Structures are given as C-alpha cells and as structure tokens.
Amino acid sequence: MILIFATNNLHKLDEIRALTRHRIKILGLSEAGFQGEIPEDYPTLEQNASQKSWYIYNKLKQNCFADDTGLEVEALDGAPGVYSARFSRIGELQFPELDVTEGNIRKLLTLMDGKTNRRARFRTVISIIVDGQETRFEGIVAGTITNEKSGTRGFGYDPVFVPDGETCTFAEMDISKKNKISHRGVATNKLVDFLNQ
Ligand code: IMP
C-alpha cells in the first residue's frame, strides 16, 4: 500500500516510517510530486487536518493522511490552539523582532505571568482518507506550563511544557522518550494500529 503523508516535515516522515516498517510505503509531498501550499484555514484542528487530507486526496487521487497539532492552555481559554505555529505573529501581543518560535514562547510566558492555573495539553489530530473514506485519530498529552524555558532538545513549545508524571520539560527529555508519550506519538500509534489491521 502506498500512502501520501501531507507534510514536508522530514522529521515527521522518519517518525512514522519507523513505526510502520516496510508494510506500507509512505511518501512525503515532494516525493509524491506535489509542490505548493496546502490550505489550512479553519478554526479547529479537526477541520484543518481534514481539509489538508481531502485537498491532497482530491489533487493526487491517492490515499493520504494529514495531521494538525496545537497547544491548548486552560488559563488562556484553549489558546494558542490551532494558531500555535504563528501565535507571536497574530493578535495584540506580537514579537516581530524575535524568530517565530522564540516569539511564541515569549508571548505564552508573558500571557501566563502571574497565573496560578498552568494546566495545558498538546493535542494532535490525524485525518486519513482511504478509498474516499475518512477516519480521524486524536492524541493528547496533558501537563503544565513552566515559568521559564528549560532544555534545548525538541522544537516549538517543548522548553516550557512539562508532561504529567515527569519533572523535566519535553526539551530536556530524550527524543525517543518524548515520542513515546507525546500527543503525536499517541495519535500516530492509533494510525499505525489502523494501518496494520
Ligand atoms: P503542526 O501542526 O505539527 O505543524 O504543529 C503546529 C505548531 O504546534 C508547531 O509549529 C509548534 O509550535 C507546535 N507544536 C506541535 N508539536 C509540538 C511538539 O511536539 N512540541 C512543541 N511544540 C509543538
């Protein structure tokens, strides 16, 4: 079976290929011959994941899947959520002088300043379309937002997120350990179970 993963992120491709072994051939967008932007303009992770997978399915006429992830912070009413990637480039508080990831973290810590409820979760939604039929999977990891950055591994908000049951941030954790417990790891394992059926 050949499946297109609607991503250009090589790290994500490696991760899923390691889990699906040789039974399923997974191609990234460039390997599938697709160039250009995929629209991603809905207000929920579910809608965006679906939009991306249907867009590629309709363009390439091949079975495919797409994912969308957000950090949902309780004290911020679920923000940055679907806007996690470009949080520091939107809304009232922006940090154009910082690179986007640094800006995102600075904005998050600024908005969380003085907040006692620091509960948050990462949530990933995967949408897969096989022969015109869509199935979705969700992966969640709950935790807390720290007061300051810690650690240099990982990416995105990893330096300010401590998963429940751990004492260090995702950015201080071994990558294989993070992948086992992370939102994406959980959603990906559900996808792999489905594919291996
Ligand atoms: P995407 O949908 O996987 O591209 O994720 C959207 C945004 O969420 C990224 O740009 C990151 O800011 C954030 N994010 C997603 N996954 C992670 C993670 O595992 N650690 C930290 N931040 C993440």
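Helices (H or I, at least four residues) and strands (E, at least two) are DSSP runs, numbered from the N terminus. On that basis, the chain of this predicted model has five helices and seven strands. Residues are numbered from 1 along each chain as its sequence is written, and side-chain values use heavy atoms, with hydrogens and water left out. Because the model is predicted, local features need pLDDT of at least 70 and side-chain atom pairs count only at pLDDT 80 or more, while totals for chains, interfaces and linings use all residues.

**Overall fold and dimensions**

- From the N terminus on, the order of the elements is β-α-β-α-β-β-α-β-β-β-α-α.
- The chain is as compact as a globular protein of its length, because its radius of gyration is 17 Å, close to the 16 Å that the globule rule gives for 197 residues. The radius is taken over C-alpha atoms, and the globule rule is 2.2 Å times the number of residues to the power 0.38.
- Taken along the principal axes, the C-alpha atoms fill a box of roughly 50 × 35 × 25 Å.
- Of the contacts in the chain with a separation of 6 or more, 50% are accounted for by residues 24 or more positions apart; contact means heavy atoms within 4.5 Å.

**Surface, burial and charge**

- Of the 197 residues, 45% count as buried. Buried means under 20% relative accessible area, exposed over 50%, and partly exposed in between, with a 1.4 Å probe and protein chains only.
- The accessible surface of the chain comes to about 10,200 Å², and 48% of this area belongs to carbon and sulfur atoms. Accessible areas come from the Shrake-Rupley method with a 1.4 Å probe, and for residues only the protein chains shown count as cover.
- There are 25 positive and 27 negative side chains, and the centres of the two sets lie 3 Å apart. Lys and Arg count as positive and Asp and Glu as negative, whereas His and the chain ends are not counted. The place of a charge is taken as NZ of Lys, CZ of Arg, CG of Asp or CD of Glu.

**Cysteines**

- The count of disulfides comes to zero, a disulfide being a pair of cysteine sulfur atoms within 2.5 Å.
- Cys64 counts as buried at 0% relative accessibility, whereas Cys168 is partly exposed at 21%.

**Backbone geometry**

- Most residues other than glycine have a negative phi, and most peptide bonds are trans.
- The peptide bond from Ala79 to Pro80 is cis, with omega near -5°. Pro80 lies in strand β4, which covers residues 80–81.
- Asp77 is not a glycine, yet its phi is positive at about 55°. Asp77 lies in the loop between β3 (64–73) and β4 and is exposed, with a relative accessible area of 76%.
- Asp131 also has a positive phi, near 50°, and is a residue other than glycine. Asp131 is placed in the loop between β5 (119–130) and β6 (133–145), where its relative accessible area of 63% counts as exposed.

- Val130 lies in strand β5, and its C-alpha atom is separated by 36 Å from that of Arg119, eleven residues apart along the chain. Not counting residues up to four places away in sequence, Val130 touches Met1, Asn63 and Phe194.
- Gly132 lies in the loop between β5 and β6 and is partly exposed at 38% relative accessibility. Leaving aside neighbours within four places in sequence, Gly132 is in contact with Trp54 and Tyr57. The C-alpha atoms of Gly132 and Tyr57 are separated by 8.1 Å, although the two are 75 residues apart along the chain.

- Glu46 is found in helix α2 (residues 45–60) and is partly exposed, with a relative accessible area of 23%. Not counting residues up to four places away in sequence, Glu46 touches Arg123, Val125, Arg136 and Glu138.
- Ala75 is placed in the loop between β3 and β4 and counts as partly exposed at 25% relative accessibility. Leaving aside neighbours within four places in sequence, Ala75 is in contact with Met112, Lys115 and Asn117. Ala75 and Leu111 are 36 residues apart in sequence and 9.2 Å apart in space, C-alpha to C-alpha.
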